[in-house]
Amino acid sequence: MSRERLYRVQAIVLKRSDWGEADRLLTLLTPDRGKLRAIAKGARKPSSRKSGHVELFTHTHLLLAKGKHFDIITQADTLDAFLPLRENLERVGYAYYLAELVDKFLEEGTENRASFNLLLGALAALSEPTTAPDLLARFFELRLLQYAGYRPQLFHCAQCGKPIQPTENYFSAEAGGVLDPECLQTPRAHLAEHVYDAQVISLDALKLLRYLQTREWETVRGLRVPGAAMAQVEALMLHYITHHLERNLKSVEFLRKLRFSIG
Ligand SMILES: [Zn+2]
């Protein structure tokens, strides 16, 4: 095998599935090559030395060989396995959710260093016991939406562009963010119809969304959020995300069931 066919990347394992007799097909997020898929040969064999280094959510250093359909992982070394998060089922559920969001929103083969750093930072934060995982997830959603080109409009009306006033406003995934009360009443010129998915957004929920969109995690992490605002932001974000992905997320169902069973 010639050296030109080999390359090194650092990667986070987003997804893995069985492939062939004993292999795994991995979906990886890398800083320079964006999302890519590669085969870990023999990774399902009990004797495999590679398998531990290509577990889900592991930050790993890989040596890959160019392949015909998928590239082949020839060496793997763990940089961080985020062990503390793996001891807590709820945090594992959140890690699934973050990885699934990244997988669904990012295209294969397009560099997205910001998203890589975001996910790496989020997995590290999830491993810290003081981190509130729901707050982290909401922060992550807003940042990822921005990096993927779906930043919701929160400061100006998504329809008329006027600054949003501190009254009761509306939120619409279809319009791309917040609508003022006036625009809720006005049919959109280009479609000659009203947005169909506008929901009331409280001032507290709007403030929280704006805060999450414009602050760094180090500032956000200490925030104490009223339960009602948090619940509304969670629901609005889920609506916004599923609208733009045009599909439901498996991990959301998992988290919901988990929450139900924990009570
Ligand atoms: Zn407006």
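Guide: Two helix axes count as roughly antiparallel when the angle between their N-to-C directions is over 145 degrees. In this predicted model, helix H2 (residues 89–105) packs against helix H3 (residues 113–126) at an angle of about 175°, and the two are therefore roughly antiparallel. Their axes lie 10 Å apart.

From H3, the contact draws on Ser-115, Leu-119, Ala-122, Leu-123 and Leu-126; from H2 come Arg-91, Tyr-94, Ala-95, Leu-98 and Val-102. Eight residues of this contact are nonpolar, one is polar and one is charged. Residues three or four places apart in an α-helix point the same way, because there are 3.6 residues a turn.

As for H3 itself, its 14 residues reach 20 Å from the first C-alpha to the last, close to the 20 Å expected at 1.5 Å a residue. Its buried residues are Ser-115, Phe-116, Leu-118, Leu-119, Ala-122, Leu-123, Ala-125 and Leu-126. The cover over them includes helices H1 (83–86), H2, H4 (133–147) and H7 (217–220), together with strands S1 and S2.

Contacts join 14 residues of domain 1 to 17 residues of domain 2. On the domain 1 side, strands S1 (6–19), S2 (23–30) and S3 (34–40) each supply at least two residues. That side comprises six nonpolar, four polar and four charged residues.

Notes: Residues numbered from 1 in each chain as written. Predicted model: local features only at pLDDT ≥ 70, side-chain atom pairs only at ≥ 80, totals over all residues. Contact = placed C-beta atoms within 7 Å. Helix = DSSP H or I, 4+ residues; strand = E, 2+ residues; numbered from the N terminus. Nonpolar A, V, L, I, M, F, W, Y, C, P; charged D, E, K, R; others polar. Axes fitted to C-alpha atoms, helices over the stretch in contact; angles between N-to-C directions. Parallel < 35°, antiparallel > 145°, perpendicular 65-115°, else oblique. Expected span 1.5 Å × (residues − 1). Buried ≥ 20, exposed ≤ 12 C-beta atoms within 10 Å, placed from the backbone.
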